[in-house]
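Me: I am new to this structure and would like to go through it with you. Could you start with a term that will be needed for the pockets?

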Amino acid sequence: MKYRLLGRVEMSGPRKVDIGGAKHRILLATLLFGANEFQSVDDIAEALWEHERPQSAHALVRLYVHQLRKRMGDAGADLLTEPGGYVLRVGPSELDLEVFRRETDQAHALMAVGDHAAAEVRYRAALALWHEPFVCRTESPTLDRLHGPWLEDMAVSAVEGLAEAQLALGRTLSLAGRLRPLVDRHPFRERLIGQYMLALHRSGRRVEALETFRRVRSLFVAELGIEPGHELRELMQTVLRDERGPYPAGPRPVSLAAAG
């Protein structure tokens with residue numbers, strides 16, 4: 001069985017499996033976020049109903065588990081009942097979240113040794129696992145609140161890694177357009193902003209790069225009471241001087257500080 005958590009909750013065998021209703025999808029998401037670990041009935045009930053738990057919550061959880069097992073077919077044997085809860089056994093290549101982590105770990109390692117082309121391939125493979133935008137959509141406010149922020153941070157970090165690899169390789173043709181929505185969503189993430197500015201600058205859009213810094217600086221001062229970090233200010237000076245900026249030709253790029 002293959003399972004998806006990145007952007008939406010799905011499972012598939014030879015073909016996509018109908019999980020059932022919203023409660024079944026929330027149940028599966030809860031089990032997948034804690035894959036191969038014990039999940040108590042109480043934790044599952046909280047994900048399903050939060051503060052409006054019915055008196056029959058435990059009985060309903062058992063019913064939903066029984067129904068989910070039937071929909072899983074042969075893989076239902078991997079959904080184990082233990083005293084007070086359940087464990088879903090998931091193989092290392094069966095859950096998209098674990099594949100994403102593995103691909104990004106390998107990409108980070110390749111960047112560390114200056115193999116930007118191979119790192120780009122790994123980052124692309126990792127990000128292809130996502131249903132964009134990079135938000136958690138489990139239909140459970142509890143799960144989305146618990147897991148949404150770190151999931152989105154992982155995805156945006158991978159985008160930043162991909163952007164760094166592409167800047168090092170000189171591939172900036174469409175980079176600014178792909179980074180702009182994320183910059184709008186994460187206006188204080190300085191590494192991302194710097195990559196966006198540099199992509200604009202290298203695409204011949206120097207004025208837009210400078211305007212981006214001015215807008216970001218105003219936001220930092222108004223909302224945080226501080227100036228942008230040293231690296232972003234240095235990058236603004238680089239754009240002003242119309243220089244190439246970080247990522248010179250060579251075996252390894254100079255990385256912008258990750259401030260997100």
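Reply: Helices, such as those named below, are DSSP runs of H or I with at least four residues, numbered from the N terminus. Please note that this is a predicted model.

Me: Understood. How much space lies in the largest pocket?

Reply: The largest pocket holds about 310 Å³ of space.

Me: Which residues are closest to its centre?

Reply: The lining has 14 residues, and those closest to the centre of the largest pocket are Glu 132, Phe 134, Val 159, Arg 178 and Leu 182.

Me: And which elements give two or more residues to that lining?

Reply: These are α5 (116–127), α6 (141–169) and α7 (175–185). The most comes from α7, which gives five residues.

Me: What is the lining like by class?

Reply: Nine of the lining residues are nonpolar and five are charged, while no polar residue is present.

Me: Changing topic: how many aromatic pairs are there?

Reply: The count is five aromatic pairs. In one of them, the ring centres of Trp 49 and Tyr 64 are 6.3 Å apart and the planes stand at 35°, so this pair is tilted.

Me: Where in the chain do Trp 49 and Tyr 64 sit?

Reply: Trp 49 belongs to helix α2 (residues 41–49) and Tyr 64 to helix α3 (residues 57–72). They are 15 residues apart, and the pair links distant parts of the chain.

Me: Are Trp 49 and Tyr 64 buried or exposed?

Reply: Both Trp 49 and Tyr 64 are buried.

Me: Which residues form an aromatic cluster?

Reply: Phe 100, Trp 130 and Phe 134 form one. Phe 134 is also among the residues closest to the centre of the largest pocket.

Technical notes:
Residues are numbered from 1 along each chain as its sequence is written. This is a predicted model: local features need pLDDT of at least 70, side-chain atom pairs count only at pLDDT 80 or more; totals for chains, interfaces and linings use all residues. Side-chain values use heavy atoms; hydrogens and water are left out. Rings of Phe, Tyr and Trp (its six-membered ring) pair if their centres lie within 6.5 Å; planes under 30 degrees apart count as stacked, over 60 as edge-to-face and the rest as tilted. Buried means under 20% relative accessible area, exposed over 50%, partly exposed in between (1.4 Å probe, protein chains only). On a 1 Å grid over the protein atoms alone, a cavity is a set of points where a 1.4 Å probe fits but cannot get out, and a pocket is an open set with protein on both sides within 12 Å along at least five of seven lines; lining residues have an atom within 4 Å of a point. Grid points are joined across faces, edges and corners, and a volume is the space filled by probe spheres set on the points. Ala, Val, Leu, Ile, Met, Phe, Trp, Tyr, Cys and Pro count as nonpolar, Asp, Glu, Lys and Arg as charged, and the others, Gly among them, as polar.
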